[in-house]
Amino acid sequence: MKDEPQSRPYLGVTERRQQLLDAAVEVMVAEGAAALSLRSVAQRAGVAHRVVNYAFGSKASLVAALLQRESERLAARVWAEPLPVDTLEVAVAAALGSFLAEVRSDPRRYERLAELTALARASDALVDAARTESEAYRRMIAERLELWCAQRSVSLASPQVVVSAIHAAADGLAEWWLTTRDDAQVEAVIAVLAGGFARVPTTQ
């Protein structure tokens, strides 16, 4: 007597979307961002193409959801803890160190995410998704910076400029390390990048 085929467990829309996004990450990491499609995700997840189409509707929506989830997860891991209540230079150095530690823990995943972001920026259909990803990351930096200011009872003259500078320093640091894999100079590079924040004026 043949075994009865096991039916797939029913997943609600939220759970199904998360399952499919997990499959999308696997496709992206294994084959590159350009290989991402509704069909490739369906194959990786072991579901019918119509399931992915129902969950997302289009490749643009899939990419937007993936960028949002992955950037939020990365930001949450890096910026989950408040900045050290010390000088801004020390606080930024600590944040950059945490960020690079995340990149170094899974460099292929971060490379592929950066690749997907670059593709999104170059696409009229996806440019808004890339912008939303960046804005979400900047919001989390801004929240931590606001908390740091409150804890030190200080104000920054141009807080959005500082947020942009931290964001730029983090992206540049990641790009440098992924290109060079130079672990010997990591601490010195972070110190130089963070040193620029020592000149940021604050008021009581």
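The buried residues of helix H6 are Pro107, Tyr110, Arg112, Leu113, Leu116, Thr117 and Ala120, where buried means under 20% relative accessible area with a 1.4 Å probe and protein chains only. The model is predicted, so local features need pLDDT of at least 70 and side-chain atom pairs count only at pLDDT 80 or more, while totals for chains, interfaces and linings use all residues. Residues are numbered from 1 along each chain as its sequence is written, and side-chain values use heavy atoms, with hydrogens and water left out.

Helix H6 covers residues 107–121, and its 15 residues reach 21 Å from the first C-alpha to the last. That is close to the 21 Å expected at 1.5 Å a residue, the expected span being 1.5 Å times one less than the number of residues. Helices here are DSSP runs of H or I with at least four residues, numbered from the N terminus. The buried residues of H6 pack against helices H1 (13–31), H4, H5 (88–105), H7 (127–152) and H8 (159–180).

H6 also takes part in the largest pocket, to whose lining it gives the most, with six residues. A pocket is an open set of points on a 1 Å grid over the protein atoms alone where a 1.4 Å probe fits, with protein on both sides within 12 Å along at least five of seven lines; lining residues have an atom within 4 Å of a point. The lining comprises 17 residues, of which Tyr110, Thr117, Arg121, Glu133 and Asp171 lie nearest the centre of the pocket. The elements that give two or more residues to this lining are H4, H6, H7 and H8. About 330 Å³ of space lies in this pocket, the volume being the space filled by probe spheres set on the points.

One of the helices packed against H6 is H4, which spans residues 59–79 and contains Arg69. Arg69 counts as buried because its relative accessibility is 9%. Leaving aside residues up to four places away in sequence, Arg69 touches Gln18, Leu21, Asp22, Val25 and Arg109, a contact being heavy atoms within 4.5 Å.

Trp177 is found in helix H8 and counts as buried because its relative accessibility is 6%. With the same exclusion of residues up to four places away, Trp177 touches Leu100, Val103, Arg104, Pro107, Asp182, Asp183 and Val186. Trp177 and Pro107 are 70 residues apart in sequence and 9.5 Å apart in space, C-alpha to C-alpha.

Definitions and conventions
Buried means under 20% relative accessible area, exposed over 50%, partly exposed in between (1.4 Å probe, protein chains only).
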